[in-house]
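Dear colleague,

Please find below the structure that I am handing over to you, together with its sequence. My notes on what was found in it follow.

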Amino acid sequence: MPQLQNTMDNVRATSAWVASRSSHVLVDSEAIEKVVKTIDTIPKVEWDFEGIHYFDNGPLTVQYLLVLDALNFCFWPDKDLNYDDLASGLKEALQNDKSAFDADRLQKYTGPQLRELLKWSRPLPLEDERVRLLHEVGIELERSFNGKASNIVERCGKSVVNLVDIVARHFPGFRDHSVYKGHQIFIYKRAQIFAADLWGAFRGQGYGDFKDISSLTIMADYIVPAVLRQFGVLKYSPTLASTIEASGEIGAGTEEEVELRACSIHAVEKMRELISAKSGRQVLSVELDLWLWASGVQRASLQHHRTLSIYY
């Protein structure tokens, strides 16, 4: 595999490499063409369509989004917990106490304090990891960015490629990659979603002003692969399909898990190319991601894979 020039090129190239060699997940090109024929326009989904995020149009929003995306993973073990609980819980915590996410305070939270912050009555899934990642963010913000997430954005020169790179280099918890058939595969879901959240929250202005927003891929999580499967774009092997249908767990870093995520990225890149060619305008993967995710969370019957992971 050739050495590529930037973080997002690596995500695209290594996902394509997995898709061309996958044993458990197939990207169906004909199905992609059929789906694209039925799409006239990608419905514009407002970034905060549910009104659950904190936003003050300033540096505190950037701080909030970094904390949110540091904790944005693995809700499924608690059937009552979801992303909305995290986003709105952190929003309320910040509205009640503007210093809640100061770097020095992030370094000190305990599990019970995080639960209290989110008004959650029982231990959170992977609670120890969530607390460790909060500490990691607080320590590194203080050490390298004068305590402020907005300084990360200032340093990236209006480039999401640089932003993803800086976040992955400075915060180990955001280094979302794995080894597949002997090759390193890059996904960077939470680092990418931090960039996408900034762009969405600030509507492409100020802290969300990026000259290369088209470099982002989709955010490979639980929901998007399941939606792509319903579209017929992804086909699963009988074994994988029956594991998912029986709500069985798929180990982090297994071939199946890497294929589910990498093939989703590759499939949506193909969809994006075809939709862009058909519509005569550049369609962004981040727009497709928001549309796929929003349609997925509204489908009660959606069966997604289950993996214990800090990356998504």
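I begin with Gln 298, which is found in the segment after α14, the helix of residues 285-297. Please bear in mind throughout that this is a predicted model. Gln 298 counts as exposed because its relative accessible area is 60%, and the cut-off for that class is over 50%. The side chain of Gln 298 makes a polar contact with the backbone oxygen of Ala 294, at 3.4 Å. As for its position relative to Pro 238, the two residues are 60 apart in sequence, and their C-alpha atoms lie 26 Å apart in space.

Next, helix α3. This helix covers residues 59-70, 12 residues in total. From the first C-alpha to the last, α3 reaches 17 Å, which is close to the 16 Å expected at 1.5 Å a residue. The helix is mostly covered, with 11 of its 12 residues buried. Those buried residues are Leu 60, Thr 61, Val 62, Gln 63, Tyr 64, Leu 65, Leu 66, Val 67, Leu 68, Asp 69 and Ala 70. Against which elements do the buried residues of α3 pack? Their partners are α4 (83-96), α5 (103-106), α7 (127-144), α8 (150-155) and α10 (189-201).

Two or more of the lining residues come from each of α4 and α6 (111-118). By residue class, the lining of the second largest pocket holds five charged, four nonpolar and three polar residues.

The largest cavity has a volume of about 40 Å³. Phe 75, Leu 81, Leu 86, Leu 118, Leu 124 and Arg 130 line this cavity. Five residues of the cavity lining are nonpolar and one is charged, while none is polar.

Yours sincerely

Definitions and conventions
Residues numbered from 1 in each chain as written. Predicted model: local features only at pLDDT ≥ 70, side-chain atom pairs only at ≥ 80, totals over all residues. Heavy atoms only, no water. Helix = DSSP H or I, 4+ residues; strand = E, 2+ residues; numbered from the N terminus. Expected span 1.5 Å × (residues − 1). Buried < 20%, exposed > 50% of the residue type's maximum accessible area, 1.4 Å probe, protein only. Contact = heavy atoms within 4.5 Å. Nonpolar A, V, L, I, M, F, W, Y, C, P; charged D, E, K, R; others polar. Polar contact = N/O pair within 3.5 Å; in protein donor to acceptor, adjacent residues only side chain to side chain. 1 Å grid on protein atoms, 1.4 Å probe; cavity = no way out; pocket = protein on both sides within 12 Å on 5 of 7 lines; lining within 4 Å. Points joined across faces, edges and corners; volume = space filled by probe spheres on them.
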